[in-house]
Every structure is written in C-alpha cells, then in structure tokens.
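The following exercises concern the structure shown below. Each task is followed by a solution that goes step by step.

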Amino acid sequence: MKTERELELYFGPQHIGMVGNFSITLKVEGDRIIEASANPGYLHRGFEKLMEYRTWIQNFPMVCRINVIEPDSMEMVYAMAVEKLAKIEVPERANYIRTIVLELARLTSHLFGCWAYANMLGFDTVAQWAMYHRDLLLDLFEELTGARVYHIYIWPGGVRRDIPKGFKDRVLNTLHTIGSCIPDYDNTFFNNRLFYKRAKNIGKISKDEAKKLGATGQILRAAGIKYDIRKVEPYAVYDKVNFEIPTREDGDAYSRVWVIRDEMIQSVHIIMQCFEKMPQGEVYNRVPNPFKWKIPKGETYVRVESSRGELGLYLVSNGEDKPYRVHFRTPSYPHGLIILEKLLKNASIADVGNIMISLYVVAPEIDR
Amino acid sequence: MRNKLQVKKGSFLRPFKAIRYLFEKPGTLRYPFEQKEPSPRYRGFHLNDWDKCTGCGNCADICPNEAITMVEITEIKPKPGEKNERPKIDYGRCCFCGLCVDICPPGSLRLSRDYFHIHFDKKTFTLLAKDEKTDKEHFLSAEKYSIFQASLMHRKENNEGFVSDLKYSLFEPERVPMPQVPPEKRKLSFIEQVLGYSQQEAKKEASRCLECKLCEDACPAHLKISDYIRAIYEDKPDESLRKIFEDNPLPAICGRICMAHCEEVCSLGKRGKPVAVRWLKRYASDMIKDYKKALELKPIKPTGKKVAVIGAGPGGLSVAYFLKLKGYEVTVFDSLPGGGGMMRIGPPLYRLPIESIDKDVNYIASLGVKFKFNTTVGKDISFEEIYKNYDAVYLGIGTTVSRSTHVKNSDKAYSALPFLKENKIGKGVKVGREIIVIGGGNVAMDVAREALRLQHIQYPGEKVVTKTVSLEDWDIMPATKEEIEEAKAEGIQFNPGWGPKEIKVEDGKVKGLLCMKVKSVFDEQGRFRPTFYEEKEMFLEGDMVIEAIGQVPDFSFIPKELFDKLEFTPRKKVKIDENGKTSLPKVFAGGDIVNLNLDAVTAIADAKRAAEGIDLYLKGDK
C-alpha cells in the first residue's frame, strides 16, 4: 500500500553519488528505501550483436571495450573461446605473459575500485593515491601493449608482441613503489575507524543468499565462500603458481573491501612467480589469414575470474568467418541488478552509493 | 566459526600519519609545460611510407571501424603492379587498434607516438597518412616541435611507435614449400621436377592470399586470381577451374611454365614469399581429370563463319578456344605433330610433360576445333589458299628460328631450338662431355639443364660439365631467379659477364670457346648494344657449344605482295590495332610476333583480345 509519505527518487544517471552511466529508481519513505529498481541501459552499445557482423579478428578491438576498467579479461575470455573452437595452441611463454597482464589488470581494476569507493565515502586522499598508482600501472601497459586503456594485446594464438627489454625490472619497481604504500593505505583507509564505521554491516549478504542470487567474486568470497575460477578451473598458468584465495566471513561492504585489498597482494605474488618461471620462446602462433579465417561449427562456454567475479563467454560458430552468436556472462549483471536491488531494501539513502560501489558494479558490463 | 583474520575496528588517529604526504613531490605532470613521453610501442596517429605502400588496400579491408578509405592520388605514378591509392584515415572512427599495421604486407603503414591533434576544423580529423619523407612541411624535428605547433597540424619526425613485425603479422609471409625432386636425383633423368601440392598443402597456400588483387592487374590476361585461389581454399577445384577458363584455356600448361607476373607483384612478396599462384593453378587443373564435366559448358550456337589459326601455340590454342565458344568454325594449322607450339618443343620434359600439354589441347579439340597438324603453311598448304577460304586469319606463329652469335666457327655450334625439339619430341641428341651454353635467358637455362641430364644419361658415372656464358652479369641476367637457383643446385657452372669471341676448332672438332670481358650490355637509351674489352680474354674448354641467345620469327610463308603490306613497329614487331588486327585485311595477330614479353600468358592475353576483335569484325561484316 502506498502511503502518503512515500516518494520516488531518481538516483543517477546524473547524480553526485553515482559512478558510471547507471541509474537506480528508489521508492523512499523518509530516509528508508522501501524498494529500489536498477535502471540500466544508458550505455547500451549492442556489442554482442555487432560482433556477429565482424570477422573473428575484427572483434578483437571491440571486445575489450565492453569493460573499460579491466579490458584484459575480456580479451582473454574471447581469445580462449576462439582458441577452443578453432583448436589453436598457445605457446607456454604467451600463457605466462597473459597471466602477468591479467594480474596487472586486476591490480589496475582494484585500484580503480579503491578510488571509487574511497571517493564515494569522502576519503579523497586515498582516492588520489589509488588513482596515481593505477596510472603507474597504465604506464606499464603502455610500454607492453602500446595503449593505456584498450590494450588489444591478448589475442588468439598468444599475445601480440613479446615483452620489451627491461620490462620485468620496471614492473617489479612499480609494484615495489605501490607496495611500499600499503601501510599508508592501511592507516588511512582500510584500518581507519571512520571507514569501519561507515562500511561495517552495510550491504550485508549471507552465504546462502549470495549463492542463490548468483554472486561471484568478492561478494561471494566476502561472505565466506572460497570460490575462484582461477582455482576451480585454472586457465593460463594459474595451476603453476601458488596463491591464496582471501576470504572474509561477514559478507558486508567492509569485508568486500578487505578481500579486494588482500587480493591485490596475492596478485603481486602471482606476477613475481610468473616472471621467475617464465620460459623463453615464442609468444604467438599465427592464426589463419583474417580475410579467410573460418572457424569450424561448434559452441563453447569459457570463463575466467575477472576482478569482479566470474566472466563467461558463450560463443557459437556456424562454420563462417564471423561468430553466429556471442553472449557474455558478466559479473556485474547479477551484482548490479539483482543483488543491488535486494541490498538496497531498507538501507538509508546515504548508503546507496556506498552499497553500489562496494558491490563493484561496472555499468558498461551490464549494458553490453 | 570466526575467520582467522580478526576484524579490526581501526583507529581514529593513525590516518593522520598521511599528513607527511603534504611535503612530498606530487606525482602529476604540469601539463602543458611537462609532457608525457609516450612509450616506444605507442599506438598513435598513422604514418605511411608512400614509396613502400603498394595501394593494396588491405588496411582498409581489415579496419573494424571502416575508418580507412583508399584515395586515388593522381600525382603518384604507380610502379607496375601497384596502385596509386593511399589510405586516408578518419580519426573520428579510428580506434588505434593497429590491425592495419599488422596486416600491411609491405610494412609501410605504422603508428607514430604522436597523440596531439588540435584543430577547430573537424575536416582535419580525416587525413591521408604520410610520413616525414612525403610531408616535409608538417613533420618537424624534435627541437622545433611543440604543442603550439601541434595545434597547427604539425607532427614530430622520427617518432615511430607501433610498427609492423613479420613475426607477429596477420598474414603468413612464408610459402608452403613445393615438394620437388632433389637436384642430385633429378639431374639424372627427365622426371618432372615439381611434384605438385597435395590437397592440404594447396588449401594452406591458398589461405595466404589476402585478395588485394594487385596480381590481377599485373597478369597480362587478367585472370581472376583471387577468385580461383579462394575457390581452392574452399575446396572447390572445379569452381576454381571455371574461373581460370574465363580468361585462360591452358591451365595445365600455364600452371607449370607461366612466367607468373602475378607473383612478382604479390603484396606478400614485398617482405615474404609471394603466393604460389602458378602452382595453385596447376593444382586446380591436376585435380580435375575431366575438364568437360567440371566446366559445365553451355551449348554453342554456330555462326557459320570460318576462322583459320596459324600456329597451335598458346596464342593459337586460346584464340581457337575463345572463338569456338562464340560459335565460329575454327581450323588450326601447325607443322608439329601435336598442339602446344613452342610449349611442345621448348620447355624440357622435367618442366612440362607432353601429357599436360595434351590435356589442354584435347579439351579444346573436344569442343570441335579442327586441328591440322604436320601441316606447314607455305609448304603443305599455301597462305593464299587459307587467306582466300577463311573469313579471318589469326597469326600465332611465334618466333621459331634461333639466332646465332655469328662469331668465327659459329656454324659448328648447335642452336637452342633444334636441340630442345630433338630432345623433347625427337630421337635425342648425342651430347659432349663438356658443354658450353651461350646465353643467360630462360631458354639457355632449359638448354643447359637438359644438356646436363643428357650427359648424365649418356655418360653414367663419368665426369661431365655443363657451363653457361652470358653477356649479362648476375644482377641483370634475364633468366628467372628460380631457374638460376635450380640450375646452380644441379651443378651448372656460370660465367656471367663474358661474351663469345670465337669457337676454337681443331681437326673439325670443337675445342672450346674464346670469350671476352663485357664492358656494358645496354647503351644509354637502354637498348641492347653490348660492348667488350677486346683484350681481356678467357678460354673455356668444351667439346660442344649450344647457342641460346634468342629467336626470331619466320614470315617466309607469306607471299611477298602480302608481306609488303604488313606493317611493323620500330621494335620489329607486327603492328596491330586495339582489336589485334594487323594492317592486312582480315588478318589478326598475337603472341611473340606482337608483344615484347615473349611468354605464354601474354600470348593468351593477345589471343583473347584478338578473339574479341575477330568477333567484332565478323559481326560487322554481316
């Protein structure tokens, strides 16, 4: 029953607390939210349909654009699917480089997430640090791939170029620079009492609910479930390196941010191991002539652990030079539409942005 | 159950530790006074080397955003087999993915490390990619360059970023190796040297073609090369054969001995190996046992007119084929016992077996073309009779008389054509142990390699030598590189840069060849006019000398009163109009007596033109 005090409130797409092209329509009574409905579609570019009209190689520059924050896992999942359908082998060294790129991308993405979250809660200093450190990593990407954001680097058959001379040292230096700031990050943000007060018990989700609603990534791990595609179904060289899956028990925003923090440290460990174990050799097995490349009839589903959770790709080939059907399973889809709506119920208006960003929703992933 | 990581409530005071960052240097750049130096691999604006660019348009084809259009530049005079089109890039669409760089066969298209483009006019965002070589005005040295200059459309020179690397290119630069009989084995017999691609190899080789069609412009007969290669890739050899037959009715012959002008211009050949167009044509013809079934010919409506073709060489066969399809009654006269003309007697068996020639000839005969073999025009039948009884006459007589060096005792030397003919369709020649071949062209290579085989057959296990002497040095030797390499591998010795002076004869037997050093082969106008250092001599020992220095046509069968009316060009070729018609009424001509290429595919091209011309002429005659 609608009461007289009930009010409809539009949160985004033009809203100071909204990150990304996304909007939530809230039904509020005072400061309490009675009902929230996510309202995506501001960024819909029809990628999945467009990809049906482009050749296998032409889709590469496009696929990374689905997720601005972490393009590499998008490239990886598409490359894996194409390789599986076309039965292309990837050289060992390329797999190591891919892993390094993916972990660097995870770091970039998590730092971006830290920026968004800290910024949202008003921790501007930390936000600036995170952004700065992310930029240092983008410099590395620029050196490796030639571009800062859309790398177009991982592609079928391996990677596009070998790592440049001295790249390893520069990566380790940069990681050291960022790593040496961890105490500052901890003091100022993760172990800040104000942050604790602001994030603890906000957007809490239980183990069972998280499972039921299709949560993956940090949301699932912060609720206490040790689930990571890198362990469950290892790709690239994740079965050859040692790393932990950080988890927390409480399932609230505070736990999720701590999981992200711990994951970053694990990523650094993975990168260091990859550099150590990386063999010499080729990094690219040539794919057929792009103007004549047809992939045998078949369909496949591949998945990787992106920085926000399970990223899957269902790819169908009809034996033609273009995909017949492309469908992405992006982690932000259940997070941003189903879980967000659920968690916003009975939250206060001041926590909308807080909850949304703690769920790590990236709008471009929802509107593909 | 609690996690081992205890949840800490955190501190109020510790965040203030961050205050020390107030006294540290900022991490940001003070733009525009400080600028970011892009990385060496940066993907910025395009650079294009116009000298290297072939205008193939592969960049425009692969661009996922259709940002690249090929624009015709009238100032560029394209080299043969290239186009004067250059890529123009719309930076409103470009996503800087660099696929265009990775597909660029000559490697002319690159991305620079430039990322400034400041302008109030949106039209400037679509521009022709150039580099400092072609656009000196807009490319400035690093000292002169600034952001202010960038706003005036200036770029920095020597600022290459993401460049093409063959190791990571999207095309395959290496050719599928053609299985061949190894030199040690093949020089002992006349078995066909090239074994031909298997289905898998042909498909793989066909898959390399980028379909830029530069080859189709370069081919004298303009075969639809990219179409028939695509058909092979798609495993449809009959479709491929249909495409070939549109312009060339001799795939088995051309698939073996074509000069492959297409491969010379193939864009993949700029940095790698060109697509094996010739071998793929051969594959298509070899795969089809019965042309007739594969070609699905439509019924031909006869016109009732008669055409005589003199010479059953590639040109004569082709004109007969094209005219037969148009419904004319064609009779082909040739003095040889079978079809093929020079193909029948010239290319040695290890390059072109008789069965392959007969495959093409028999198909043309099966369409109803009448062949009169062993009939020499001027001897067995007079030219006047033909001229009187037919509605049109095509002269495809080729060059059939070997030239001689006319040095002292040159009458003791063998000529190339009788030598080749005798070995291919005659009884064979008894050769010497030490043979000297004069000439540096493909015929000389054929002669030398054939002589070597004969030596090995006639003197098994003995020491035998075949050497060549040519006026031209290595760099200008007219024979194809492939032929020279194969000849070298078989053990032929080369003496480039020497000219014959005298054949030494003792007691009526050849003892060797006295040579003199060549000063120059061509004069200032580029005409063939060799000069020598008379005093610099070299003596080559040998017991047999074969001259292979070119051929001339024989027009003796044409009666004088008609021959006088036949006009020639300054380069002593028969003069024809755009329809292939000579100055003699109802006489058309083509092939070696008309063109300067002197090869089969050009003869086919001439024949196609003449067939159209004869058709027009006879229709207009009605």
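**Exercise 1. Identify the elements of chain B against which the buried residues of α19(B) pack.**

Solution. The model is a predicted one, in which local features need pLDDT of at least 70 and side-chain atom pairs count only at pLDDT 80 or more, while totals for chains, interfaces and linings use all residues. Residues are numbered from 1 along each chain as its sequence is written, and chains are lettered from A and ligands numbered from 1 in the order in which they are written.

Step 1. Helices are DSSP runs of H or I with at least four residues, strands are runs of E with at least two, and both are numbered from the N terminus. A residue is buried if 20 or more other C-beta atoms lie within 10 Å of its own, exposed if 12 or fewer, and partly exposed in between, with C-beta atoms placed from the backbone. In helix α19 (residues 481–490) of chain B, the buried residues are B:Glu486, B:Ala487 and B:Glu490.

Step 2. Viewed down the axis of α19(B), the buried residues fall within an arc of 100°, so they line one face of the helix; the arc is that of the directions from the helix axis to the C-beta atoms. On the other side of α19(B), the exposed residues are B:Lys481, B:Glu485 and B:Lys488.

Step 3. The partners of the buried residues are α4 (183–186) and α18 (442–458) of chain B. Contact requires that the C-beta atoms of two residues, placed from the backbone, lie within 7 Å. After α19(B) comes B:Gly491, with a positive phi near 105°.

**Exercise 2. Determine which strands pair with β14(B), and in which sense.**

Solution. Step 1. Strand β14 (residues 434–438) of chain B is mostly covered, with four of its five residues buried.

Step 2. Two strands pair if DSSP finds at least two bridges between them. β14(B) pairs in the parallel sense with strand β15 (residues 465–470) of chain B over five bridges; here B:Ile438 stands opposite B:Val469.

Step 3. β14(B) also pairs in the parallel sense with strand β20 (residues 544–547) of chain B, over four bridges. B:Val545 in β20(B) is the bridge partner of B:Ile436.

Step 4. Together, β14(B), α18(B) and β15(B) form a right-handed β-α-β unit. Right-handed means that, with the strands pointing away from the viewer, the path from the first strand over the helix to the second runs clockwise.

**Exercise 3. State whether A:Ala236 and B:Asp507 are buried or exposed.**

Solution. Step 1. Most residues other than glycine have a negative phi. A:Ala236, although not a glycine, has a positive phi of about 45°, and phi of B:Asp507 is also positive, near 50°.

Step 2. A:Ala236 lies in the loop between α11 (229–232) and α12 (253–277) of chain A. B:Asp507 lies in the loop between β17 (498–506) and β18 (509–522) of chain B.

Step 3. A:Ala236 is buried, with 24 other C-beta atoms within 10 Å, whereas B:Asp507 is exposed, with 5.

**Exercise 4. Describe the side of chain A that touches chain B.**

Solution. Step 1. In chain A, 32 residues are in contact with 39 residues of chain B.

Step 2. The elements of chain A that give two or more residues to this side are α2 (60–63), α5 (124–145), α7 (182–190) and α8 (193–199). α5(A) gives the most, with four residues.
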